[in-house]
Amino acid sequence: MDVRNNRRTTTGSSVVTANRLLDGRIVWLTDQGTWSGDIAHAEVWPNDRVESVIAETARDQQEQGVVGVYGVQLDDRAAGICPLTVRERIRAFGPTVHPQFAPGAPQEDNAHV
């Protein structure tokens with residue numbers, strides 16, 4: 001079993017994630033075998049199949065431009081694709097800080113104050 005996600009159950013479903021080598025961004029494996037920055041585009045796999053998908057994907061991860069491939073258990077009670085753990089929800093849906101302080105947010109010029 002994937003050691004990064006020891007909370008995965010034998011039933012339920014998961015998605016596959018990694019970090020893009022170019023910029024470190026979080027990406028999700030799609031049904032086309034490509035990587036998307038949006039978890040809504042991720043392929044959902046039954047947990048009894050996801051380990052083989054992870055192993056197959058991890059074999060050529062660097063050629064795909066990603067690193068750190070692993071599976072993320074989903075909350076099957078949620079509407080849509082939603083990770084089960086808080087850590088993975090943060091990775092999927094963004095920072096837990098005010099948007100003004102998020103990376104890439106426009107900064108106000110306070111020099112004149």
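Analyst: Quick term first: pLDDT is the predictor's confidence in each residue, from 0 to 100. The protein averages a pLDDT of 85, with 78% of its residues at 70 or more. This is a predicted model, so local features need pLDDT of at least 70 and side-chain atom pairs count only at 80 or more, while totals for chains, interfaces and linings use all residues. Residues are numbered from 1 along each chain as its sequence is written, and side-chain values use heavy atoms, leaving out hydrogens and water.

On to the pairs. A salt bridge here is a side-chain nitrogen of Lys or Arg within 4 Å of a carboxyl oxygen of Asp or Glu, and the count by that rule comes to four. Glu88 takes part in two of the pairings: with Arg87, closest N and O atoms 2.6 Å apart, and with Arg91, at 2.9 Å. That links Arg87, Glu88 and Arg91 in a network. Glu88 and Arg91 both lie in helix H2 (residues 86–93), three residues apart, about one turn of the helix; helices are DSSP runs (H or I) of at least four residues, numbered from the N terminus.

As for burial, buried means under 20% relative accessible area, exposed over 50% and partly exposed in between, using a 1.4 Å probe and protein chains only. Glu88 is buried because its value is 6%, and Arg91 is buried too, at 13%. Arg87, at 52%, counts as exposed.

Another pair is Asp75 with Arg77, closest N and O atoms 3.1 Å apart. Asp75 is buried at 11%, whereas Arg77 is exposed at 73%.

Technical notes: Helix = DSSP H or I, 4+ residues; strand = E, 2+ residues; numbered from the N terminus.
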